[in-house]
Every structure is written in C-alpha cells, then in structure tokens.
Amino acid sequence: LREQLEAQNNAFQRIIKNYDESSRKELATKGDVQDVRLEIEKVRAELKTDIEKVKYDLLKWQIAGWVALAAIMAKGFGWLGF
C-alpha cells in the first residue's frame, strides 16, 4: 500500500510540475507587458506622423483647388481682362 501511495504521489508531483511549467510559459511577465506597451507607443507615434503628413498633403491640394477655381472664375467673369 505504501509503495502504491508513493508511486501515485510521484506521478502526481510530475503532473503538477509539468502543469506549472506549461502554465508559466503562457503567462506574461512584467517585462513582456512593458515590451508591448513600448511597441504600442512606437506604432502610435508612427501613426501620428503619418496622419500629420496626410493632413498637410490634403491641405496643399485643397489650396491648389481653390486657386484653380478662382482662376477659372476670374477667366469666366472677365475679372482679369483676358
């Protein structure tokens, strides 16, 4: 009975050890969380830079459109005399 109990106890201890090792592999450490936070901040900074570039590109095209419209209207209404 004692041998059977020790064998079961040893088997149980091996199962617990394997379970703990596999569980630890799935858990995130504070370092993992910090790495993810840094990566998110990096992506946000890149996105903000891209948004600013697109904003200025759109503004440039909008101003060019208004200038073209003003030139067409000036020509159509004869404001400039040509």
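## Glu 52 and Lys 55

Glu 52 and Lys 55 sit three residues apart in helix α2, about one turn of the helix. Helices here are DSSP runs (H or I, at least four residues), numbered from the N terminus. The two residues form a salt bridge, with their closest N and O atoms 3.6 Å apart; the term means a side-chain nitrogen of Lys or Arg within 4 Å of a carboxyl oxygen of Asp or Glu.

Glu 52 is partly exposed at 29% relative accessible area, and Lys 55 is partly exposed at 46%. On this scale buried means under 20% relative accessible area, exposed over 50%, and partly exposed in between (1.4 Å probe, protein chains only).

## About the model

This is a predicted model, in which local features need pLDDT of at least 70 and side-chain atom pairs count only at pLDDT 80 or more, while totals for chains, interfaces and linings use all residues. Residues are numbered from 1 along each chain as its sequence is written, and side-chain values use heavy atoms, leaving out hydrogens and water.

## Lys 53 and Asp 57

Now to another pair in helix α2: Lys 53 and Asp 57 are four residues apart, about one helical turn. Their salt bridge has its closest N and O atoms 3.2 Å apart. Lys 53 is exposed at 53% relative accessibility, whereas Asp 57 is partly exposed at 28%.

## Glu 41 and Arg 44

Helix α2 spans residues 30-77 and also holds Glu 41 and Arg 44, three residues apart. These two form a salt bridge with a closest N and O distance of 3.4 Å. Glu 41 is partly exposed at 45%, and Arg 44 is exposed at 53%.

The count of salt bridges comes to three.

How values were computed. Helices (H or I, at least four residues) and strands (E, at least two) are DSSP runs, numbered from the N terminus.
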